[in-house]
Amino acid sequence: MTTPDQRKQPKTTVDLVVDGATIVTMDPQNRVITHGAMAVDHGGILAIGPRDSILDSYTGKDWLSLDGDIVMPGLINCHTHIPMAVMRGVADDMALGKWLFEYVFPAENSLTLDRFQTGAEISLAEMIASGTTCFADMYYFQHELAHVVARAGVRAVLAASYKDLPSPDFPSADAALEGARRFIMDFHGHELITPALGPHSTYTLASEPLRKTAALAEETGALVLVHASETSGEVKMAMEKHGASPIEVLRRTGLLTPQSVLAHCVKVTQAEMETIAAAGASVAHCPDSNMKLASGIAPVTAMKRAGVRVVIGTDGPVSNNDQDMFAELRSAALVAKAADEDPEALPAMDVLRMATIEAARALHMDSRTGSLEPGKRADFIVVDIHRPHLQPFTNVFSHLAYSARGSDVSFTFVNGRRLYERGEFRTIDWERLEARAKTAWADLKKAIPVPWEKPPATPA
Ligand SMILES: [Zn+2]
């Protein structure tokens, strides 16, 4: 076999050559390059193509030799609340009201900034290890958490979430908006962090802060992450509070724009789908969370038919309970078929595009990430195809949508930086983090009931 050094000269030396991969580009032609290679330099993709042509032109300071494994764009999770990982498993199998008021809110109120950071880092480790390279998050202390995310090396859109009621980080929506303005200024142009606005929802905010959010979004160009029409109860509350549905309230207050990513949209009418499409807003579909909280099933195929850009999110780790995007895109594909009673609904290619290039478009990042093309940042993952559930290796899109798991990810790179390699984290001290998770839980369980520690006997 010819080694890289024996090939003809001259060659350009780059930071990294990825060699011998099945490259799933997710480019406009959805090209798959078997026996492919990729040249990465200064954190970006310089060239991509058949192995022979790339190796004729490039040599790498660092070399990643693969045995036909899949190299694909990192997955993009368009809706989550990463610090909630610290509360994973505290409240399952119960109604939303009980879930929120007896568990989630008391738990949140007991958390210190250090605990929020612990939760965020657990999620970052989980995402890195399961192939997510970019995510959109709305929660608390985002200004502080941005440093944790940047240190882990993951790309993110971050927004502090606010309601009319006080939040753990801001006493009011007005204070949160001022905080958001500072956050947007401080992280303007940051390589990894995109600061955004996070009005919680129309049922937790009056019209005035929603209008102020729209004005700040227009002034700064910031994205807006907002929950919308997650449940029929939410639609009812919005009707009582505003005299209009959540989608109509967003429209009236100026928050339905191409800068908006609406989480859920389970309960939307045909007319509302058309309104969302006409406004150019995107929808983050969170199938596992919607199923677990019994919210219903979002009409994804109808939204797509109406022209809405639909992308995928996991939602927070208390309502999912994981952030494995492979699991999520599989759920999205399966639940659409069940809901529509149509096996052709949401095919493999569609869900893969929703979790990569379409997601990048929703987050206005498609010039930088979402597909593997020269000129984009090198945000990619390696999926180990040498697993029983991925053999025989026949249809790459089918395998990625229906058979692959987050645990098949063997390498994760963001901006050309190696964050994860065969079970080892490069930017996170996992041993220390696991110990912190344990301490956080010991504290947290003082704030909430933990009936499962003494489970009732199951009748024989
Ligand atoms: Zn959410």
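## A salt bridge across the domain boundary

In this predicted model, the side chains of Asp379 and Arg155 come together in a salt bridge, with a nitrogen-to-oxygen distance of 2.7 Å. The domain assignment divides the chain into domain 1, made of 4–73 + 378–425, and domain 2, which covers 75–362, and the count of salt bridges between these two domains is one.

## Elements on the domain 1 side

On the side of domain 1 that touches domain 2, the elements giving two or more residues are the strands β5 (70–73), β14 (380–383), β15 (409–414) and β16 (417–421), together with the helix α15 (396–403). Of these, α15 gives the most, with five residues. Sorted by class, this side of domain 1 holds 17 nonpolar residues, alongside five polar and four charged ones.

## Extent of the interface

The C-alpha centres of domain 1 and domain 2 are 30 Å apart, and across the boundary 26 residues of domain 1 are in contact with 31 residues of domain 2. Between them the two domains bury about 2200 Å², and 65% of this area lies on carbon and sulfur atoms. Within the area that domain 1 buries against domain 2, Met26, Ala401 and Tyr402 supply 26%, which is more than any other three residues contribute.

Key: Residues numbered from 1 in each chain as written. Predicted model: local features only at pLDDT ≥ 70, side-chain atom pairs only at ≥ 80, totals over all residues. Heavy atoms only, no water. Domains from an automatic or database assignment. Contact = heavy atoms within 4.5 Å. Buried area = accessible area lost by both parts, 1.4 Å probe. Salt bridge = Lys/Arg side-chain N within 4 Å of Asp/Glu carboxyl O. Helix = DSSP H or I, 4+ residues; strand = E, 2+ residues; numbered from the N terminus. Nonpolar A, V, L, I, M, F, W, Y, C, P; charged D, E, K, R; others polar.
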